[in-house]
Structure formats: C-alpha cells, structure tokens
Amino acid sequence: MHCHKEIVNMSSFLKTFLNVRSLNAATRDLSIEQLESTLQKLGKIVEDRKEVVLAGEKLLEAKLAKMKEFKDLMEEDGIDPFEFAELCSTGNVKQKNSPLPPKYEYMDGAELKTWSGYGRTPEVIKNAIKNEGKSKESFLIER
C-alpha cells in the first residue's frame, strides 16, 4: 500500500511540476533566493542529463560503426552476415539447400523455362493441363 501512495504522490508532483500554472501556485510562497537556487539545481540536472544522453549516443554511434566495419570485412571474405548472425544465436549454421534440378520444361511465349516440380505449378503448365488436355508428364524433361 505504501508503494501505491508513493506512485500517486509522484504522479501528483509531476502534474504540478509540468504545468506552469500549477507550478506557479505551488511555488508562490518561496522567496526569490529559493526559486533561483531551485533553478540552478534544475539547470545542473538538465546539463547532467544532456551529458548522459550525448555519451549514450556517442557509444551507440561507435558501436554501429564497428558493426558496419565487421559486416564489410565479412562480405569481403565471402561470409554472409545473416549466416553469421544465425551462428551467433543458435551455435550452428543451416546449410543452404542447393536448387533442385529441373524436372519439367515448357515454353513461356518464346522463352524455354524449367520447373523442378516443387512449389506452385507454373501458369503455362496449369493452363495447358486445364485447357489443352495435356498432362504434367508431357512436360517432363527427357534425359
């Protein structure tokens, strides 16, 4: 229950602190010296916060530059950065499957194309089966 009370008090404080009229009313009884002292303290807090943010931005900038340098070096050596990331996250790299050899061939307009037989059936073959009474076997590559 005590924690909830602190949150409510903090919320109330922030509402007062972030609204100029509420802040003016809350500080009406303070002397000029007290207001100036508070202003100096707030100025110090703002400067400290700016330094922390700037240091974080510089650190992130340096980190990104180093990562780009590593990426460029990997690419120069023929290493796929995505495979490297996979290695870092899983401890191993999946081998890329080599493309399947073509099993069927067909004419698409004036162009001879091939299909492995896996995945979506090419429209040309689909249409020939549906409209011309051909079978998929009629497109087999003879070896």
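Let's start in a loop: S116 sits between strand β2 (111-115) and helix α5, where helices (H or I, at least four residues) and strands (E, at least two) are DSSP runs numbered from the N terminus. This is a predicted model, in which local features need pLDDT of at least 70 and side-chain atom pairs count only at pLDDT 80 or more, while totals for chains, interfaces and linings use all residues. Residues are numbered from 1 along each chain as its sequence is written, and side-chain values use heavy atoms, with hydrogens and water left out.

The side chain of S116 reaches the backbone nitrogen of Y118 at 3.2 Å. Leaving aside neighbours within four places in sequence, S116 also has contacts (heavy atoms within 4.5 Å) with L100, P101, P102, K103 and Y104.

Y104 leads us on to the largest nonpolar core, whose six residues are Y104, Y106, W115, I125, A128 and F139. Such a core is a set of buried Ala, Val, Leu, Ile, Met, Phe, Trp, Tyr and Cys residues joined through side-chain atoms within 4.5 Å; buried means under 20% relative accessible area, exposed over 50%, and partly exposed in between (1.4 Å probe, protein chains only). Strand β1 (104-108) and helix α5 (123-132) each supply at least two residues of this core. F139 touches K103, Y104, E105, Y106, I125, A128 and K134, not counting residues up to four places away in sequence.

Now step back to the whole chain. Five helices and two strands follow the pattern α-α-α-α-β-β-α along the sequence. Of the 143 residues, 8% are buried.

Helix α4 has a detail at its start and another just after it. At the start of α4 (residues 81-90), a side-chain oxygen of D80 reaches to within 2.9 Å of the backbone nitrogen of F82. Just after α4, G91 takes a positive phi of about 90°.

Finally, look at the surface, where F13, L14, F17, L18, L23, L42 and I45 form a nonpolar patch with about 610 Å² of accessible area together. The elements giving two or more residues to this patch are α1 (2-17) and α3 (32-76), and α1 gives the most, with three residues. Accessible areas come from the Shrake-Rupley method with a 1.4 Å probe. L42 lies in helix α3 and counts as partly exposed because its relative accessibility is 31%.

Terms used
Patch = residues over 30% accessible without salt bridge, like charges linked within 9 Å, V, L, I, M, F, W, Y side chains within 5 Å. Salt bridge = Lys/Arg side-chain N within 4 Å of Asp/Glu carboxyl O. Polar contact = N/O pair within 3.5 Å; in protein donor to acceptor, adjacent residues only side chain to side chain.
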